[in-house]
Amino acid sequence: MIFEQIATGGCQSYLVGCEETGVAALIDPEIRQLDHYLALASRHGLRIRYAIDTHTHADHFSATAQLSRQLGIPVAMHRASRAPFVTMALGDGEMIVVGKLRLQVMYTPGHTADSMCLLVEDRLFTGDTLLIGATGRTDLPTGDAAALYDSLYNRVLKLDPATKVFPAHDYKGR
């Protein structure tokens with residue numbers, strides 16, 4: 001697996017690609033990094049085939065719609081999303097096939113009603129469901145503390161403890 005973590009201030013996004021097939025996905029891309037993502041993909045010999053948002057972002061502008069227009073690729077989000085530009089609405093347990101990689105959707109509402117995590121190999125991309133040392137806020141529109149508790153304790157924390165967590169935010173360089 002080809003893996004790149006891209007920091008924009010405290011926001012984190014991820015390029016995940018299949019080395020064998022040259023296919024990639026961008027997870028939680030931020031609009032100010034658009035050229036950087038394209039350059040990274042090119043450097044690794046990857047073709048971006050999916051732009052994925054783990055939830056509706058209130059703290060930055062997503063690059064998914066722009067990537068979709070520019071590259072002719074689908075924008076993937078959980079089916080609970082109300083974003084008008086989503087072309088691939090996903091449900092719990094569904095897979096996004098990225099070459100020989102399988103990104104499994106884990107619906108984890110709470111931070112927002114459309115929050116999801118993505119499990120690929122030994123990594124979990126948590127969006128704002130689970131941060132390092134914290135969880136996503138639930139006081140923003142569609143946030144629900146009880147749903148977040150359920151997502152964390154009955155879904156995320158039941159995964160293998162060796163799973164590496166990659167959140168959409170890290171303000172302390174961890």
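## Cysteines

Cys 18 is buried, its relative accessible area being 6%. Cys 11 is likewise buried, with a relative accessible area of 9%; both values, like everything else in this report, come from a predicted model.

The structure holds zero disulfides. For Cys 11, the closest cysteine sulfur is that of Cys 117, and because the two sulfur atoms are 17 Å apart, they are too far from each other for a bond, given that a disulfide is counted for sulfur atoms within 2.5 Å.

## Helix 1 and its surroundings

Helix 1 spans residues 34-43, and within it Leu 34, Tyr 37, Leu 40 and Ala 41 are buried. Viewed down the helix axis, these buried residues fall within an arc of 130°, so they line one face of helix 1. The face turned away from that buried side carries Asp 35, Ser 42 and Arg 43, which are exposed.

After helix 1 comes Gly 45, a residue whose phi is positive, near 70°.

In helix 2, the residues Thr 64, Ala 65, Leu 67 and Ser 68 are buried. Around the axis they cover an arc of only 165°, and they therefore lie on the same side of helix 2.

These buried residues of helix 2 pack against helix 1 and against strand 3, strand 4 and strand 5 (75-78). Just after helix 2, Gly 72 takes a positive phi of about 65°.

Five strands form an open sheet in the order 7-8-9-10-11, and their pairing is mixed. At the edges stand strand 7 (95-98) and strand 11 (164-167), each of which has a single partner strand, so one side of each is left without a neighbour in the sheet. From one strand to the next, the twist averages 25°.

Strand 7 pairs with strand 8 (residues 101-107) in the antiparallel sense, over four bridges, and the bridge partner of Val 97 is Arg 102 in strand 8.

How values were computed. Residues are numbered from 1 along each chain as its sequence is written. This is a predicted model: local features need pLDDT of at least 70, side-chain atom pairs count only at pLDDT 80 or more; totals for chains, interfaces and linings use all residues. Side-chain values use heavy atoms; hydrogens and water are left out. Buried means under 20% relative accessible area, exposed over 50%, partly exposed in between (1.4 Å probe, protein chains only). Helices (H or I, at least four residues) and strands (E, at least two) are DSSP runs, numbered from the N terminus. The arc is that of the directions from the helix axis to the C-beta atoms. Two strands pair if DSSP finds at least two bridges between them. Axes are lines fitted to C-alpha atoms, for helices over the stretch in contact, and angles run from 0 to 180 degrees between N-to-C directions. Contact means heavy atoms within 4.5 Å.
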